[in-house]
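Here is a colleague's note to read beside the structure, written for someone who is new to looking at models of this kind. Please keep the view open while you go through the numbered points.

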Amino acid sequence: MSFTIKNVLIPVEDSYATFDVQVVDGTICAIAPDLDVMGSEINGENKLLLPGFFNAHTHSSEMWQRGIMSMLPLELWLAELYDFAPLDLEKVYLSALGTAVETLLSGGTSVVDHLVLIPGKELETIATAVRAYQEVGIRAFVAPLIQDESLTAGIPAGKTQQNHEPYFRPTQATLAVIEEAVKQFHCPEEGISILVAPTGIQLCSDALFAGCIELSEKYNLCRHSHLLETKAQEKLAQEKYGCTAVTHLKRIGFLDYRTTLAHCVHLSDRDITILSETQSTVVHNPLSNFRLGSGIAPILKYRQAGVNVTFGCDGASSNDSQDLLEAIKIGSILHNVTDLDYQHWITPRQAVEMASLGGAKGLNMADQLGCLSVGKKADLVMYDLTNLSLLPRTDPIGLLVLGRPSNVVDSAWVNGKQIVADGKVTTIDVDNLRQELFNHSQWHTQRLSPTVAQIEPHYRSVMGL
Ligand SMILES: [Zn+2]
């Protein structure tokens, strides 16, 4: 499968150049002016070509509850989320399609789906999401979300004595599901990778982390987890381990160059040094951190400490969309408020690099993805610079990151295969998807979560509210 993009604008040094880009068998094989056309010819005039971005942390099935979740902090919000979680595979399939489409149409060619599993149908849930991503053709990192402690264990006990229900599935059974998923679906060459993805220290035992590390070593899998998203988790880590969560995760060997950590809001300076030393990646989810009142991650400190940072939308129930360009915009300019020294502020070009190469590094594919250079895989996005939201003509990347771009993705390729053309996803019928999402839902305004009612008094008391 070969093609040549003619006369497309690409960023070089501090400016832009108009070049041709040749792609052969999924790989970029030349970038230069006046190249011969190999394979089909794509007109790149008045378009900007960038490497595809990574939506490096999301939960696809949360799409079913976007717009309706109560204004609650994470621990209570999760209780509401799980009380109403979709339990059928058809919904898992549709929301994975929806997540893929929204990611693609906002510049992403890779998605990390920290996938919530339907109890009793764990492997089927994974198979369903994999099928959806294969149909769309987006590069997918499916990270089945696992835990082995029940929800209330995620709230610090404070001075009280708390007894938690045992989790319904034994740790070893959970690990066996993941190993089976790896055997059945892990195929990075074909665009599907399985990650080990314990949800976080708040709901996982050391035995579960140890099992994940073992699988990661055995099959060379990337590792993914939430980390210190809230103040409550910071307190909980002290109760559980007598040290910070980062110190503990380092001690048990979970942190390495293949580890991506979502949120990272409440870390100490020492923790930041550990992330840098272990070459872990931080996934910045600014919108979710706002929505759940979690706080602002110290992203500029991470960058100054040499920690790799990339962006995620997080699940659509805490965002409440999957617009990657929005996450990149907010996630960069937010820090102009948190950090006085403007010399460290994130420029639009740096934001683009974080969203592409930053993601590739975190997913251990920086040798293959993340920038426009010869030899890399053709995961590419071409933006229409004649779109109203990208006019008048100034700095295209500045407009893309700082503006409010809408419907600007003209084309996208994953592994050299075109899956968006003329602004439309070509691999699936998006009109049909819209109809299915509509048919499987209802207008809602009110609902009551029994679990929130049950755990809220303790949460308020332990958090001093
Ligand atoms: Zn998350």
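Predicted model: local features only at pLDDT ≥ 70, side-chain atom pairs only at ≥ 80, totals over all residues.

1. Residues are numbered from 1 along each chain as its sequence is written, and side-chain values use heavy atoms, with hydrogens and water left out.

2. The zinc ion is coordinated by His57 (NE2), His59 (NE2), His226 (NE2) and Asp314 (OD), at 2.1 to 2.6 Å. Donors here are N, O and S atoms within 2.8 Å of the metal (3.2 Å for Na, K and Ca), and because water is not among the atoms, sites may look incomplete. The arrangement is irregular because the four donor atoms subtend angles of 85 to 174 degrees around the zinc ion. (Four donors count as tetrahedral if all angles lie between 85 and 135 degrees; four count as square planar and six as octahedral if opposite donors are over 155 degrees apart and all others between 65 and 115; anything else is irregular.)

3. Histidine 59 lies in the loop between strand 6 (53-58) and helix 1 (74-83), and histidine 226 lies in strand 11 (residues 223-227), so this pair ties together parts that are 167 residues apart in sequence. Helices (H or I, at least four residues) and strands (E, at least two) are DSSP runs, numbered from the N terminus. Histidine 59 is buried, with a relative accessible area of 5%, and histidine 226 counts as buried too, at 8%. Buried means under 20% relative accessible area, exposed over 50%, and partly exposed in between (1.4 Å probe, protein chains only).

4. Which residues of the largest nonpolar core touch the most other members? Of its 94 residues, they are Phe53, Ile126, Tyr133, Leu275, Tyr302 and Tyr383. The largest share of this core, seven residues, comes from helix 2 (residues 89-104). A second, separate core of 14 residues includes Leu74, Leu292, Val452 and Tyr459. A nonpolar core is a set of buried Ala, Val, Leu, Ile, Met, Phe, Trp, Tyr and Cys residues joined through side-chain atoms within 4.5 Å.

5. The largest pocket has a volume of about 1500 Å³. Of the 45 residues that line the largest pocket, Met63, Arg66, Glu102, Arg434 and Leu437 are the closest to its centre. Helix 15 gives the largest share of this lining, seven residues.

6. The structure also holds two cavities of 30 Å³ or more, and the largest cavity has a volume of about 70 Å³. Among the residues lining the largest cavity are Leu74, Leu151, Gln202 and Ile455, and helix 1 gives the largest share of that lining, three residues. On a 1 Å grid over the protein atoms alone, a cavity is a set of points where a 1.4 Å probe fits but cannot get out, and a pocket is an open set with protein on both sides within 12 Å along at least five of seven lines; lining residues have an atom within 4 Å of a point. Grid points are joined across faces, edges and corners, and a volume is the space filled by probe spheres set on the points.

7. Isoleucine 213 is in helix 5 (residues 206-219) and counts as buried at 13% relative accessibility. Threonine 281 is found in strand 13 (residues 281-284) and is buried, with a relative accessible area of 2%.
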